[in-house]
Amino acid sequence: AGATKAVLTEDEYQIRQTQEHVALLIMSKFRSNVFTTEVLEEKLTSSVLQERALVLRLAAKLLDAMLISICFPQRALAATHATLKLTAEFASGLWNAQSEECMKLQIEQLKKEDIPVPSLELRAEISDKAVVEDGILPGDSLSLTITLTRKHHDPSEDVPTGEPIRPENIREAYWLVIEMSNGEQSRFAAAAPLVVQRLTQREVPMSMPMKAPSQPGEYTLKFRAMSPTTIGINADFTLKFKVEGEA
């Protein structure tokens, strides 16, 4: 049975409804096996094509709601990664981000649309040099500097007249997901969009504030840039730091 609004708070009701819609979306995806290759499209009836178009229109909104309303507020690391992978599968019309066959089809799609296959490199550092040199203390305010390098960028195209990406034509966009570990337990630390302002842009810089952990010890930050539009396009970076003090 569906959620009863009289029993749940408004936020709980919205979360439950989003969960149910996403569950139905996933069921439809795997049951229908509706893909975007030309060979398969030739075998699909017009009614199935219409159903697919409807599902794809709903997918972006529902999965965004899953991220914003559930994954991020609940700091659910595994659910965030899974939802972003599913978002990319729907956006590309492919059924498995880990499938070699799907990766080949993804590359074919990009080439057909004359879009370069993204090749990424991610870097991050704690930019408060004085704090790092003096020693990071529990609860210190830190600043992270993150840079996503688009290695598929062609320097010859980097001209001042490069046009900003129009919202309706966004194909290259990324979410940055940060995980923190103390060696025993990993947790969701932060998430933020990495915005490619121009197709001629080689580096996508970003600054983010962060509080040092309240307990002394060795920590690891794992950064992952994930594409919500193209399957298999990720970039990772690991940063280690120490919080001084007696454990």
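Glu 121 and Arg 123 form a salt bridge, with their closest N and O atoms 3.7 Å apart. The model is a predicted one, and the distances and accessibilities given here are computed from it. Glu 121 is partly exposed, because its relative accessibility is 35%. Arg 123 has a relative accessibility of 33%, so Arg 123 counts as partly exposed too.

Arg 123 also forms a salt bridge with Glu 203, and the closest N and O atoms of this pair are 3.7 Å apart. Glu 203 is partly exposed, at a relative accessible area of 38%.

In the whole structure, 4 salt bridges are found. One of them joins the side chains of Asp 236 and Arg 224, at 2.6 Å from N to O. Asp 236 sits in strand β7 (residues 234–243) and Arg 224 in strand β6 (residues 217–226), so the parts tied together here are 12 residues apart in sequence. Asp 236 counts as partly exposed because its relative accessibility is 47%. Arg 224, at 25%, counts as partly exposed as well.

Strand β5 can now be followed along its length. In a regular strand, side chains alternate between the two faces of the sheet. Strand β5 (residues 203–211) has a covered face made up of Val 204, Met 206, Met 208 and Met 210. Its uncovered face holds Glu 203, Pro 205, Ser 207, Pro 209 and Lys 211. β5 pairs with β2 in the antiparallel sense, over 9 bridges. In this pairing, Ser 143 stands opposite Pro 209 of β5.

Strand β2 (residues 141–150) includes Arg 150. Arg 150 counts as buried, because its relative accessibility is 2%. Beyond its neighbours within four places in sequence, Arg 150 is in contact with several residues, among them Ser 119, Leu 120, Glu 172, Arg 198 and Val 204.

Helix α4 is the last element to visit here. Helix α4 (residues 77–92) has 16 residues, which at 1.5 Å a residue should span 22 Å; its end C-alpha atoms are 23 Å apart, in agreement with that value. The buried residues of α4 include Leu 77, Thr 80, His 81, Leu 84, Ala 88 and Phe 90. Just after α4 comes Gly 93, with a positive phi of about 75 degrees.

How values were computed. Residues numbered from 1 in each chain as written. Predicted model: local features only at pLDDT ≥ 70, side-chain atom pairs only at ≥ 80, totals over all residues. Heavy atoms only, no water. Helix = DSSP H or I, 4+ residues; strand = E, 2+ residues; numbered from the N terminus. Buried < 20%, exposed > 50% of the residue type's maximum accessible area, 1.4 Å probe, protein only. Contact = heavy atoms within 4.5 Å. Expected span 1.5 Å × (residues − 1). Pairing = 2+ DSSP bridges.
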